Amino acid sequence: MKLLQIVTKQELKSSLIAIPVFTLILINGSGYLLTAASYGFLIAILSFGWNLTALTGEISLGHAGFFGIGAYVAVISGISGINSVLSVFIGALAAGVYGAITSLSFYRLSGVGFALASIAFSQIPKIVAENLSITGAGSGIVNIKPLFIIKSINTPLREYIMGASLLIILLIFTAFAGKKIWLKLSAIRQNRIAAEALGIATIRYKQINMLISSFIFGFVGALWTYWIGYINPDTAFDLYFSTAPLIGALFGGRNSLIGPIIGALILYLSDSAISMIFPVGHKAVYGLAILVTIMALRGGIFKAKKAII
Amino acid sequence: MKTILEIKNISKIYDKTVVALSNVSFKIEYGITAITGPNGAGKTTLFNIISGTVKASSGEIRFLGKRINGYQPHKRCMAGIGRTFQIPRLFDENSLLENVAIGVMTGAKKIKENMNIDSLKKQAGEILNFIGIKENKYEIKAKKLTLAEQKMLQLATAVATKPKLMLIDELSSGMTFQDALRLSDVIKRLYDYGISFLMVEHNMELINKLAEKIIVLHEGQIVNVSEKGDNETGK
Ligand SMILES: Nc1ncnc2c1ncn2[C@@H]1O[C@H](COP(=O)(O)OP(=O)(O)O)[C@@H](O)[C@H]1O
Ligand SMILES: [Mg+2]
């Protein structure tokens with residue numbers, strides 16, 4: 001199995017704990033727990049997708065833009081009569097195209113410049129959504145029909161879609177991400193100029209990764225909006241969709257494939273658990289995670305000298 | 001002799017004020033050419049312009065007869081230009097084998113060969129052996145090496161891309177006499193394999209031993225060009 005070549009033992013061990021826990025909740029859980037698990041998987045996919053950009057060395061602070069585009073484009077295509085499942089992919093594609101435009105327009109930027117430009121680029125679609133009538137302007141669109149419904153028992157499958165999507169995305173990457181690509185990405189990340197001098201088309205790798213990364217965000221954004229049934233600029237372009245995946249990835253270890261997924265799941269789980277006790281301020285978990293990562297776990301939990309798990 | 005690289009009226013002005021190169025023109029043939037000159041003469045800038053890391057303010061670069069001004073750095077490497085950096089640029093967290101394997105990938109791509117990671121590393125080992133790095137170091141991280149070793153590793157990564165012309169920037173600086181001797185031997189053997197060299201060098205002994213042609217750069221201009229044999233024939 002190709003995935004095993006690039007996944008470390010520590011990663012595997014912790015995946016074997018975290019993923020079954022969530023899966024068990026998906027199978028046995030109900031109500032709040034089930035929703036929480038699905039939301040955890042949602043953030044985990046985003047964290048994985050965000051990290052594809054980070055694997056080329058760039059920290060994006062604006063991925064919520066892609067999420068929102070995917071959500072809006074899907075809903076609007078759905079309303080205009082396109083099959084709703086197809087509309088999810090149209091939304092993802094639109095986000096991917098915007099991602100490609102983004103990386104084409106600032107391929108020369110890296111580091112802080114890239115991070116700042118990514119914020120600017122995420123604001124443009126939000127402003128557009130706030131001002132068009134087709135997007136419902138500031139008040140958005142409500143009463144969006146759910147995606148899949150088992151007619152006989154009238155149950156939406158929405159709670160299971162995120163877990164299934166994560167699995168499918170991982171399987172697809174397993175098929176492509178071999179050790180060679182992994183090595184090239186680590187070269188680009190560590191020393192772009194040296195990588196170029198050795199014949200690696202670094203800009204192309206950055207663009208391809210950005211394209212896939214934004215596609216994934218659009219895809220999840222589209223699923224999410226069908227899931228919650230309404231959309232408006234503030235929720236679809238919520239900063240949370242830029243920051244939570246980032247923190248999950250940094251916490252989990254951004255130089256690994258599985259790390260961001262595990263990091264995001266752990267953080268989301270802690271966040272939800274704490275929110276039951278402290279309904280206000282539970283999001284401080286994310287701030288704490290950043291502090292811990294910077295101060296004690298440089299490189300994330302999978303880089304820590306003694307694995308926690 | 002056939003021209004491998006032609007530099008035509010290259011100028012470089014940094015930040016609108018610092019003139020690093022002004023109207024530099026020269027041709028080099030297959031073989032080993034040395035560039036020397038004081039610090040700040042513009043030698044590294046010239047290398048950066050040839051390899052595409054820095055854009056020239058004006059002028060033209062022809063490699064094997066083709067104008068390559070518009071080529072991105074990775075394309076210049078694919079075309080056959082390899083280089084080292086004055087301050088080594090390595091993939092610090094990767095092993096020596098992995099560092100060289102990244103170059104081997106490009107070398108394999110040039111001859112349209114598809115190699116898996118194991119054969120990439122095997123070839124990387126052969127190149128490291130050729131360069132003279134001991135096998136017990138192959139698996140350690142690049143950042144653990146001494147400066148002299150890092151410079152040799154950098155040479156190995158570039159050689160792995162199967163270049164026709166290597167640009168080497170002050171490789172012997174910071175090396176002991178013995179290390180420099182070893183380096184000179186490696187360059188000679190690589191030359192026997194058909195790789196031409198353009199070397200920025202201060203060590204006159206190395207220059208005299210290896211170079212067929214010496215270009216002296218001073219304040220961004222060529223002030224002297226001499227070829228081996230000039231002295232003997234009394235020119
Ligand atoms: N990136 C840069 N920005 C501004 N000035 C530079 C830059 N790189 C080099 N210079 C200047 O250009 C001149 C030539 O530098 P360099 O090419 O490094 O010379 P050498 O390699 O011969 O020592 C120097 O005056 C140096 O300060
Ligand atoms: Mg120099």
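Start by selecting helix 4 and helix 5 of chain B, which are oblique to each other (angles under 35 degrees count as roughly parallel, over 145 as roughly antiparallel, 65 to 115 as roughly perpendicular and the rest as oblique). Helix 4 covers residues 117–131 and helix 5 covers residues 147–159; their axes come within 10 Å and cross at roughly 130°. Axes here are lines fitted to C-alpha atoms, for helices over the stretch in contact, with angles running from 0 to 180 degrees between N-to-C directions. Helices are DSSP runs (H or I, at least four residues), numbered from the N terminus.

A word on the model: it is predicted, so local features need pLDDT of at least 70 and side-chain atom pairs count only at pLDDT 80 or more, while totals for chains, interfaces and linings use all residues. Residues are numbered from 1 along each chain as its sequence is written, chains are lettered from A and ligands numbered from 1 in the order in which they are written, and side-chain values use heavy atoms, leaving out hydrogens and water.

Now show the side chains between these two helices. I127(B), L128(B) and I131(B) of helix 4 meet M152(B), L153(B), L155(B), A156(B) and V159(B) of helix 5. By class, this contact has 8 nonpolar, no polar and no charged residues (Ala, Val, Leu, Ile, Met, Phe, Trp, Tyr, Cys and Pro count as nonpolar, Asp, Glu, Lys and Arg as charged, and the others, Gly among them, as polar). Contact means heavy atoms within 4.5 Å.

Look for L96(B), N99(B), V100(B) and G103(B) on helix 3, and L153(B), A156(B) and T157(B) on helix 5. These residues divide into 4 nonpolar, 3 polar and no charged.

A148(B), M152(B), L155(B) and V159(B) of helix 5 meet D179(B), L183(B), V186(B) and L190(B) of helix 6.

Zoom out and colour chain B by domain: domain 1 is 1–80 + 164–172 + 179–188 + 196–235, and domain 2 is 87–162. These bounds come from an automatic or database domain assignment. In the contact, 11 residues of domain 1 of chain B touch 13 of domain 2.

Finally, display both chains. Their contact takes 20 residues from chain A and 28 residues from chain B. Chain A and chain B bury about 2000 Å² between them, 66% of it on carbon and sulfur atoms; buried area is the accessible area (1.4 Å probe) that two parts lose on being put together, summed over both.
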